[in-house]
Amino acid sequence: MQKQLDTFLTGSFPPMDYSSSADVTASIRNAVRRQIEAGLDVLSDGQVRSDIVGIFARRVGLEGDGLPYRVRRKIGSLKESVTLRDLEIAATEAEGHPLKAHITGPTVVAESCADDDDTPSVYRGIGGFRQLTLDLARALAGEARFTAQKSKELNIRYLQIDEPSLVFGADLQLAGEAIGIIVKVWREAGGGEVILHVCGDIRDILPDLIAMPVDILNVENVHLREADEKVLKELRESNKKLALGVVSVNTEKHPSSQGLAQDLLYAVDRYGTDHICAVTPNCGLRLSSADLAMLRMKRLTESVSILQERAGRLA
């Protein structure tokens, strides 16, 4: 194995307590500094303002302070960026490290909305859900445009689209169409590679994910390694790359760096060296304690160092 694997967060880092914009800035800077301290290669702004849906919900026209959100009017375009200011703050602390921008996927945002008597008729029922998903995609594509236009200045290497719930019966054809709207705008505006993050057991939908209009799939290795060999062959023959989620975030237990390195060595052998570009936690670290988040990040960087050392000895 000759190439270096990137290490980065799936997205979030535990936020500091804040009640003002100055506190939010401090929380972003803390998240970036901690990622650098842990040795991560590509940095996020920590998504400190809210959960992934909450960050965008009200800015794209939804109402409410949490799940479920309500749709009370036609979804329109974004007039200004939602996340760019946070990325600018992150860039001032990044010490030359590249950044990863995030946009919450239109499917999970649409799934977070309740359909009631006050929902506009255009968004009611099955057909309405499709319309809502595509209108959200068009709004979020505006965020992709704002971010891509600053990507070179801020050293943004990746855009990650977060669709954590695709394994739970989502309309994958619709999801792909909606993601394609965002990706097209991102690329036209000069953005780089696109990552799609999906949580859970992706084995049954892996062929659909391979067909998604993105460059990299961020999925949990614990499920991928049990995938059918026929599907893995399809993955190896595709141009898709993998950002493997290898550290669980829903348990107090944590694997050893040596154990993670062994898992990664197996993954390289099974999926192919050219298809693995990064390792990450399985999901965001927002609900972890700060100390546990640091430990999980360090496990990533240590495991990659061990892997590279072992691979060098075998070369």
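Me: Which residues line the second largest pocket?
Reply: In this predicted model, the lining consists of Arg49, Ser50, Asp51, Gly54, Ile55, Arg58, Arg59, Gly64, Asp65, Gly66, Tyr69 and Val82.

Me: How does that lining split by class?
Reply: Five of the residues lining the second largest pocket are charged, four are polar and three are nonpolar.

Me: And what volume does the second largest pocket have?
Reply: The second largest pocket holds about 220 Å³.

Me: What about the largest pocket, what is its volume?
Reply: The largest pocket comes to about 390 Å³. It is lined by 19 residues, and those closest to its centre are Ser12, Ile52, Cys283, Gly284 and Arg286.

Me: How many of the residues lining the largest pocket are charged?
Reply: Three are charged; of the others, 10 are polar and six nonpolar.

Me: Switching to the strands. Is β9 mostly covered or mostly exposed?
Reply: Mostly covered. Strand β9 spans residues 241-247, and six of its seven residues are buried.

Me: Which strands does β9 pair with?
Reply: Strand β8, residues 216-220, runs parallel to β9 and is joined to it by five bridges. Strand β10, residues 276-281, is also parallel to β9, again with five bridges.

Me: Which residue in β9 is the bridge partner of asparagine 218?
Reply: Alanine 243. Towards β10, leucine 244 has valine 279 as its bridge partner.

Me: How does the chain get from β9 to β10?
Reply: Through helix α11, residues 257-271, in a right-handed β-α-β crossover.

Technical notes
Residues numbered from 1 in each chain as written. Predicted model: local features only at pLDDT ≥ 70, side-chain atom pairs only at ≥ 80, totals over all residues. Heavy atoms only, no water. 1 Å grid on protein atoms, 1.4 Å probe; cavity = no way out; pocket = protein on both sides within 12 Å on 5 of 7 lines; lining within 4 Å. Points joined across faces, edges and corners; volume = space filled by probe spheres on them. Nonpolar A, V, L, I, M, F, W, Y, C, P; charged D, E, K, R; others polar. Buried < 20%, exposed > 50% of the residue type's maximum accessible area, 1.4 Å probe, protein only. Helix = DSSP H or I, 4+ residues; strand = E, 2+ residues; numbered from the N terminus. Pairing = 2+ DSSP bridges. Right-handed = clockwise from strand over helix to strand, strands pointing away.
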